[in-house]
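Open the model in your viewer and keep the selection panel at hand. The stops below go from one selection to the next.

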Amino acid sequence: MIKIDFNKLPQHIAIIMDGNGRWAKQHAIGRIRGHKKGAQAVRTTVKTCREIGIKYLTLYAFSIENWERPAKEVEALMSLLDEYLTKETKQLQKQGIRLTTIGEINRLHPSVKEKLLQAKESTINNDKMVLNIALSYGGKDEIIRAVKKIIQDNKDGKININEINKETFSNYLYTSGMPDPDLLIRTSGEYRISNFLLWQMAYTELYFTNVLWPDFTKDDLFKAIASYQKRERRFGLTSEQLKEKDY
Ligand code: IPE
Ligand code: IPE
Ligand code: MG
């Protein structure tokens with residue numbers, strides 16, 4: 001078992017859950033069964049994060065670009081999500097987890113959307129952990145949406161140009177009110193961001209692993225956290241400056 005320091009946990013972990021298709025290929029089964037196995041890894045990861053005291057967990061489940069995949073696969077992903085919500089909402093409730101989403105929820109199938117709204121509503125007062133799922137999400141799209149809203153609010157006299165800064169801009173994003181991720185994990189050996197949380201990851205620590213998402217275990221999560229805990233987050237300062245700050 002990998003050792004981690006429970007007093008220095010990242011407050012917010014974001015995960016690009018990649019590699020379901022390759023996992024299926026490895027096992028000579030269809031991609032959809034790979035996604036099913038991936039859903040299992042979601043359950044254990046959520047549970048572990050909740051148990052160790054992570055406050056925010058953001059999971060990239062479906063990107064805007066993923067809509068372009070074969071219709072059959074998109075449909076299967078939507079019904080898996082439907083199934084997850086049906087089975088898991090009670091568990092989330094039990095574990096004191098609040099469910100939130102980021103992305104174009106309106107594009108989702110009406111029954112999925114309905115279940116999501118219900119799950120969000122019923123867990124709204126839970127305060128042990130926020131499980132934030134990115135669905136039909138794109139980072140560039142999120143920024144453009146924010147810009148449009150700001151222009152509209154400016155026209156309506158709600159915000160002055162001088163009031164636009166990093167903080168006010170952040171409030172126009174889907175993630176408004178949430179701290180930026182401290183740690184990003186991407187599985188499956190790809191070294192890219194794939195349009196995820198572009199604004200929010202300005203100073204996030206990045207961790208890449210070759211493990212395919214369906215194989216991702218508690219130990220793999222601990223490895224990522226251990227790596228994060230070894231790093232010095234300098235935010236542009238010098239190491240010496242940071243040491244002075246500690247005293
Ligand atoms: C991640 O696995 C799940 C989604 C993007 C929905 P992939 O389906 O991208 O798996 P690979 O990359 O083809 O192995
Ligand atoms: C990123 O994975 C999106 C999700 C994990 C939901 P992709 O498999 O879609 O990313 P690319 O296409 O390899 O960049
Ligand atoms: Mg992929």
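Which pocket does the space taken by ligand 2 correspond to? This is a predicted model, and in it ligand 2 takes up the space of the largest pocket. Ligand 1 is found there as well: the space taken by ligand 1 is the largest pocket.

**Stop 1: the largest pocket**

Coloured by class, the lining of the largest pocket splits into 16 nonpolar, eight polar and seven charged residues.

**Stop 2: ligand 2**

The shell consists of Ile16, Met17, Asp18, Tyr60, Ala61, Phe62, Asn66, Arg69, Arg186, Arg192 and Ser194. Strand E2 (residues 56-63) is the element that gives the most to this shell, with three residues. By class, five residues around ligand 2 are nonpolar, two are polar and four are charged.

Now draw distances from the oxygen atoms of ligand 2. At Ser194, a polar side-chain atom lies 2.6 Å from an oxygen atom of the ligand. For Arg192, the distance from a polar side-chain atom to an oxygen atom of ligand 2 is 2.8 Å. An N or O atom in the side chain of Asn66 is 3.0 Å from an oxygen atom of ligand 2. Taken alone, ligand 2 exposes 390 Å², and the protein buries 78% of that.

**Stop 3: ligand 1**

Which residues surround ligand 1? They are Met17, Asp18, Gly19, Asn20, Gly21, Arg22, Arg31, His35, Ala61, Asn66, Arg69 and Leu77.

A polar side-chain atom of Asp18 is 2.9 Å from an oxygen atom of ligand 1. Switch to the backbone for the glycines: a polar backbone atom of Gly21 lies 2.9 Å from an oxygen atom of ligand 1, and for Gly19 a backbone N or O atom is 3.3 Å from one. On its own, ligand 1 exposes 380 Å², of which the protein buries 86%.

Highlight helix H1 (20-26) and helix H2 (31-52), the elements that give two or more residues to the shell around ligand 1. H1 supplies the largest share, three residues. The shell around ligand 1 has three nonpolar, five polar and four charged residues.

**Stop 4: the second largest pocket**

Which residues lie closest to its centre? Among the 13 residues that line the second largest pocket, Lys166, Ser170, Asp180, Trp199 and Ala202 are the closest to the centre. By class, this lining comprises five nonpolar, three polar and five charged residues.

Definitions and conventions: Residues numbered from 1 in each chain as written. Chains lettered and ligands numbered in written order. Predicted model: local features only at pLDDT ≥ 70, side-chain atom pairs only at ≥ 80, totals over all residues. Heavy atoms only, no water. Near = heavy atom within 4 Å. Polar contact = N/O pair within 3.5 Å; in protein donor to acceptor, adjacent residues only side chain to side chain. Areas by Shrake-Rupley, 256 points an atom, 1.4 Å probe, with all protein chains shown as cover. 1 Å grid on protein atoms, 1.4 Å probe; cavity = no way out; pocket = protein on both sides within 12 Å on 5 of 7 lines; lining within 4 Å. Sits in = over half its atoms within 2 Å of the grid points. Helix = DSSP H or I, 4+ residues; strand = E, 2+ residues; numbered from the N terminus. Nonpolar A, V, L, I, M, F, W, Y, C, P; charged D, E, K, R; others polar.
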